[in-house]
Amino acid sequence: MRIDLHAHSNASDGTDSPAELVAAAVAAGLDVVALTDHDTVAGHAEAAEAVHALPAGSRLTLVPGAELSCVVEGISMHLLAYLFDPAEPAFAQERELVRTDRFRRGRAIVERCRDLGADVSWEQVQRIAGAGSVGRPHIASALVEAGVVATVSDAFSPEWLANGGRADVRKHETDPVEAVRLVRAAGGVPVFAHPGAVKRGRTVPDQVIADLAAAGLAALEVDHTDHDEAAREHLRTLAGDLGLLVTGSSDYHGARKTVRLGEHTTDPAVYEALVAQATGAKPIGG
């Protein structure tokens with residue numbers, strides 16, 4: 001089985017529609033794909049319909065999820081949440097609060113970029129985002145269109161959009177221990193996304209991960225394109241010490257990033273262990 005537990009659609013900052021993501025997962029030879037848009041479940045229904053409409057013989061399973069924006073000790077981090085009840089009120093309210101603040105933050109970042117000499121506009125960013133929730137990757141694409149940087153990845157530098165960069169603006173982010181508790185209370189399974197991605201900015205110390213494990217964290221996303229071999233070895237050892245599972249994922253964003261669906265995958269036994277912990281929702285199809 002080939003299992004990719006981290007992918008985005010244009011319901012947040014990917015370029016594929018949820019249905020296109022399902023088709024891309026089939027074309028990539030995946031057996032399981034998780035839709036984990038940022039702080040939203042807006043793409044779940046379309047993705048589920050696409051899975052149900054697959055021709056006989058296509059055995060793709062969809063794992064509904066989300067990627068949550070968190071902050072601890074002034075450090076931004078992301079928490080993947082799988083198979084939670086999207087209607088559970090406390091968790092739904094927190095996701096809505098984060099999404100609402102994304103709009104304010106996006107406009108403020110665009111203004112900072114303009115103050116720094118970039119010929120970008122809020123209307124341009126909204127066009128790029130379409131129906132999705134505006135995020136920094138959309139602003140990065142605007143910077144590429146304006147010729148300020150060559151690629152979206154280049155925009156995530158201290159010169160522009162990196163955490164703490166010249167154009168960065170803080171947004172509402174959930175305390176990660178509280179986020180773990182909210183996910184568990186909604187019947188979901190929480191996994192720390194790309195915990196060693198130093199190219200994105202500061203990463204949390206191991207003690208924070210230990211605190212999250214004590215609160216109910218299920219796993220660390222270890223095999224990820226933003227982790228070098230040293231980071232993977234350290235995180236794998238840490239996961240073992242803390243009794244956490246280890247996942248691998250692509251963090252696919254369609255054409256916005258060069259990473260391919262299925263570039264990193266999760267062991268089937270780990271996937272089954274994660275699903276066994278969920279009480280809020282079930283995988284779809286397969």
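Colleague: Which helices and strands each supply at least two residues of the lining of the largest pocket?

Modeller: This is a predicted model, where local features need pLDDT of at least 70 and side-chain atom pairs pLDDT 80 or more, while totals for chains, interfaces and linings use all residues. Residues are numbered from 1 along each chain as its sequence is written, and side-chain values use heavy atoms, without hydrogens or water. A pocket is an open set of points on a 1 Å grid over the protein atoms alone where a 1.4 Å probe fits, with protein on both sides within 12 Å along at least five of seven lines, and lining residues have an atom within 4 Å of a point. Taking helices (H or I, at least four residues) and strands (E, at least two) as DSSP runs numbered from the N terminus, the contributors are β3 (61-72), β4 (75-82), α3, α5, α6 and β5 (189-193).

Colleague: Which residues are the closest to the centre of the largest pocket?

Modeller: The largest pocket holds about 840 Å³ of space, a volume filled by probe spheres set on grid points joined across faces, edges and corners. Of its 45 lining residues, the closest to the centre are F156, R200, D226, D251 and K257.

Colleague: Why is helix α5 largely enclosed by the rest of the structure, and what do its buried residues pack against?

Modeller: Helix α5 (residues 136-145) has 8 of its 10 residues buried, so it is largely enclosed; buried means under 20% relative accessible area (1.4 Å probe, protein chains only). Among the buried residues are R136, H138 and L143. With contact as heavy atoms within 4.5 Å, the buried residues of α5 pack against α3 (89-115), α4 (122-129) and α6 (152-155).

Colleague: Which residue just after α5 takes a positive phi?

Modeller: The phi there is about 75 degrees. The residue is G147.

Methods:
Buried means under 20% relative accessible area, exposed over 50%, partly exposed in between (1.4 Å probe, protein chains only).
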